[in-house]
Every structure is written in structure tokens, then in C-alpha cells.
Amino acid sequence: VAVAVAAAAWLAAAAPAGAHARLVRSDPPYSCGGPGPLAALPESALCGAGAVLRRMPSTVRLWFNEPVAPAGRGVRVFGPDGRRVDAGPVEAAGARVSVLIRGGTPGTYLVVWRVIAADTHPAEGAFPFSLLRPSRPALGVPDADTGRRSAIGLALQALGRAVHFAGFALSAGVFAFRQCVLAPRAPSGDSAVEQRVFRLIDVGIIALLAAEPLALAAQSLSLSAAGEPPFDPDLLGASLDSSFGRVAAQRAGGALALWVLAGAARGRHAGGGAATLGVIACASGLALVDGEAAHAPGGHPLWLAFAANGAHVLGMALWAGTLAGVLVVHRQPSLAPRRREVLRAAGGMAGGGLVLLALAGAVMAVQHLTAARDLAATPYGRVLAAKVCLAAAALGCAGAAARAPLARRGIWWRREAAALLLVLALAGLLVSLPPPV
Ligand code: HEM
């Protein structure tokens, strides 16, 4: 997590934070270097002044590369004196956002926008236009420095996602370990082992639930500008009212359902089988929903993007959940007679998860990179490369554990778990960054 936070701060300086929705066209138009975040406004007076118009337009319109929802006020227009000239509500229809404006003072105006994309990621930017003659753009407006805030917002987004992934591994993954590895080898049930396993599942579900308010705080912080309160009720409300809110509700609902169903599957009773099927359905649903908050909505074909994302998340849960399960039960005395058998089965399940991860990860990498050079040339590519290297290190630890004598395996498993935790932190950061495609 510390690595992710440090990497986020470094990457935020190199990339417009979370700019997943791109402004492709505007009216009035702006073409000097393309519309970008305020900090990137060009120095030259001509560029900084944008298009010079003869008549004041009545509306400012923005077109994005994908459907968006305005965040809070969404589009604000500042006049040459720094006062707001936007009037009336911001209208959004698919990928187009517009707002009425008034005024007619000659000089340079500044349009500041912030939206939430279909894939839940926040994006912001600004561009100028001038009436009759250019003047200095009113850079004293509250948004003049969005850089530091969005770096912290990006780090918090990555943290929220990492907590969610860890929670999913500990709940769904550990439950799978209990069903497929432990249950067939301990048909009579073992209360001490069962208790440890369910304690881990509870921790996972609490992490899943805690990740949502964390993600909401990150979203609000990423969208708020310098000079504004960091957790503005308008921005919180707008976030909940967008694709972000829908996904947060689905995830929180899924986590609660998982809690109820996992509890019902505990012990040996008639309804246990149905509850287990419910847990499987719920976990698969949660893995699919994850794609909505990653970059699956931008993948082609869409079905493959969602299937690969879901398979990747399930594979992650199988590997990390099995490892967590092994770590909490392997020393239990009641397991001693069947320890080798249990460990062999656990290795098979974690290996299956790894195969799923590698196949689905390769599909996602092909969908989101333009060429291999993106791995070195873009922040997204660099984080992906670091994540794959760490995953290889985790695999190395797993191999070392398999070869080590039984008494020394715990050390290698703990190293493997630490490497996987860092992989999850980097995955949280990766999904928060704009991909090359
Ligand atoms: C084997 C090599 C791997 C490759 C090529 C790979 C590739 C990727 C790619 C391209 C993404 C980004 C998807 C997006 O932008 O929407 C991603 C996300 C992710 N990866 Fe991997 N990955 C690999 C291994 C792993 C491992 C070992 C883990 C953990 C055990 C892992 C966990 C994740 C998670 C949790 C996400 C986020 C998925 C989501 O938001 O729904 N990956 N991976």
C-alpha cells in the first residue's frame, strides 16, 4: 500500500489524474494543444485566450468520447473578471454536456468542467475562449491548482480499490478454499478450523463494505478543486447519482448478500447446499460488477472485456484466498493427519487461479495497450509491468514453499502473501489510471 501511495504521487505528476473521459470537441472550440487540465494551459497569450468570437454565445457545449454525468456543478464558466457567467442547470445527454451562459464583457472567459465517466472514473479540465479581444484568463478562479488534490484523490482511489480486492479474496476466495479444499477432506467438520476460516471470511466482508465509503471519499476528493471543501455534499451527491453510485450500491449489496449466504452455508444442515450456490452466484456477480469500475466498459468486444475482467478477479480470489486459508489453518493439530493432502489440493486450486489470471490478464493487456512500448512509455504500462514482475515474485515464493520442508513453508507463504498484497495495491492503482486504449 505504501508503494502504491508513493507510486501514485509520482505518477500523478506525469499524467492527468484519472482522465478517462476525454473532451473531444467543444463549442466554442478550443484547439491549441487540445483541451486539458488547468495546470496545462499554454502560456502564450493567443493560446491562452482560445477562440476569439465576435458575438457572445448563449450556450457552452462539450462533447466527450463516452457518456458522462456532470459532477456537482459540472460546467462552470468564469468571465474576464473571474465572476461566474453560467446560468441555469447543466444539461447532460449521453456524451454531450451543455450550459447556458450570460454576459457580454469583452475579454477572455474560462470554461471549467468535471464529469464522471461511464466507467465511474472522475475527469476534469478547462479551456478558454475570448469575446472580441483576448485578456488574461481569470486564473485566480478556485480551480487554479487541481494537481495536489487529484494526486491525493488518485492515491485514495487506488487504496479503496485495493481494500475491495483484498476483501473479495478473503471472502469469496477463502470460501472457495473451504468448500473445495477443506470440506471434501474433513467430512465430519472441524469446529476450530471452521471458526478460523469464517473469521477470515468476516474480515473479508468487512473490508468489502469499508472499501465503498473510502472509494466515495476518493471520488469526491479527486473532483474537488483547491479552495473547495474536500468532501463537498454536492460532489458526494453527484457521485452517488452517477455510474459510480450504481456500482457502489451493487458492491455494497453484493457484500451484504455474501455475508448472509456465507453465514447460512456454515455448519452442516439441509439448506447449506442452496446457500453455497448462492455464495457462488453472488461472488460471480461481484466479479462481473468489478469490470464496470475498471476499464471493461471501454473494451472491444464488450462481452470479452467483461468476461476477462470477471475471470481475472475470480482467479485473483482463488490464488490469494487459498493462500490466506492455508496460512490460518495449516498449523491446526486436527489437520495434521491430512495436512499433505490438504496442501496438495490447495496448490492445485491456487494454480488454477493463476492460469485464469494469466489468460484473462493477457486478454486485458491486449485490449488496453496499443503496443509493447506502452509498458515503458505510459504510467498505465509501467504500473502493469511492475504488477506482473511482483506477481512473478509471488510465484517464485510459492515455488520455494513447495520445495521447502513442511516446517519452513510458513515463511515462504508469508512472503508470497506480502508480494500478493503489493500486487493488489498496484492493481488498485492500475485500474485508477487512464489506459492507452
Ligand atoms: C499474469 C500476469 C498478469 C497480467 C498480464 C495482468 C493484467 C492486468 C490488466 C491489464 C489489468 C487492468 C484491467 C483494466 O485496466 O481494466 C489488471 C487488473 C487487475 N489485476 Fe492483473 N494481471 C496479471 C496478474 C495478476 C495477479 C497475479 C493478480 C493478483 C493475484 C492480479 C490482480 C488484478 C486485479 C485485482 C485487477 C483489477 C481488476 C478490476 O478492477 O476489476 N493480476 N491485470
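**Pockets, cavities and rings: a quick tour**

Helix α6 gives the most to the lining of the largest cavity, with four residues. Okay, that needs some background, so let me back up.

This is a predicted model, where local features need pLDDT of at least 70, side-chain atom pairs count only at pLDDT 80 or more, and totals for chains, interfaces and linings use all residues. Residues are numbered from 1 along each chain as its sequence is written, and side-chain values use heavy atoms, with hydrogens and water left out.

Now, the words. Helices (H or I, at least four residues) and strands (E, at least two) are DSSP runs, numbered from the N terminus. On a 1 Å grid over the protein atoms alone, a cavity is a set of points where a 1.4 Å probe fits but cannot get out, while a pocket is an open set with protein on both sides within 12 Å along at least five of seven lines; lining residues have an atom within 4 Å of a point. Points are joined across faces, edges and corners, and a volume is the space filled by probe spheres set on them.

Back to the cavities. There are three of 30 Å³ or more, and the largest has a volume of about 130 Å³. It is lined by 14 residues, with T120, R161, A215, F244 and R251 closest to its centre. Helices α3, α4 (191-223) and α6 (243-265) each supply at least two lining residues. By type, the lining of this largest cavity divides into six nonpolar, five polar and three charged. Here Ala, Val, Leu, Ile, Met, Phe, Trp, Tyr, Cys and Pro count as nonpolar, Asp, Glu, Lys and Arg as charged, and the others, Gly among them, as polar.

Let's look at A215, which is in helix α4. Is A215 buried or exposed? At 14% relative accessibility, A215 counts as buried (buried is under 20% relative accessible area, exposed over 50%, partly exposed in between, with a 1.4 Å probe and protein chains only).

Next, the largest pocket, with about 760 Å³ of space. Its lining has 34 residues, and H312, L357, G361, M364 and K387 lie nearest the centre. Which element gives the largest share of that lining? That's α9, with eight residues. The lining of the largest pocket splits into 25 nonpolar, five polar and four charged residues.

On to the rings. The count comes to three aromatic pairs, where rings of Phe, Tyr and Trp (its six-membered ring) pair if their centres lie within 6.5 Å, with planes under 30 degrees apart stacked, over 60 edge-to-face and the rest tilted. Take F64 and W113: their ring centres are 5.0 Å apart and their planes sit at 75°, so this pair is edge-to-face. F64 lies in strand β3 (residues 59-64) and W113 in strand β7 (residues 107-117), so the pair ties together parts 49 residues apart in sequence. Both F64 and W113 are buried.

Charges meet rings too: R25 lies over the face of W63, 4.0 Å from the ring centre. The charged end of R415 sits over the ring of W412, at 4.6 Å from its centre. The rule is NZ of Lys or CZ of Arg within 6 Å of the ring centre and within 35 degrees of the ring normal.
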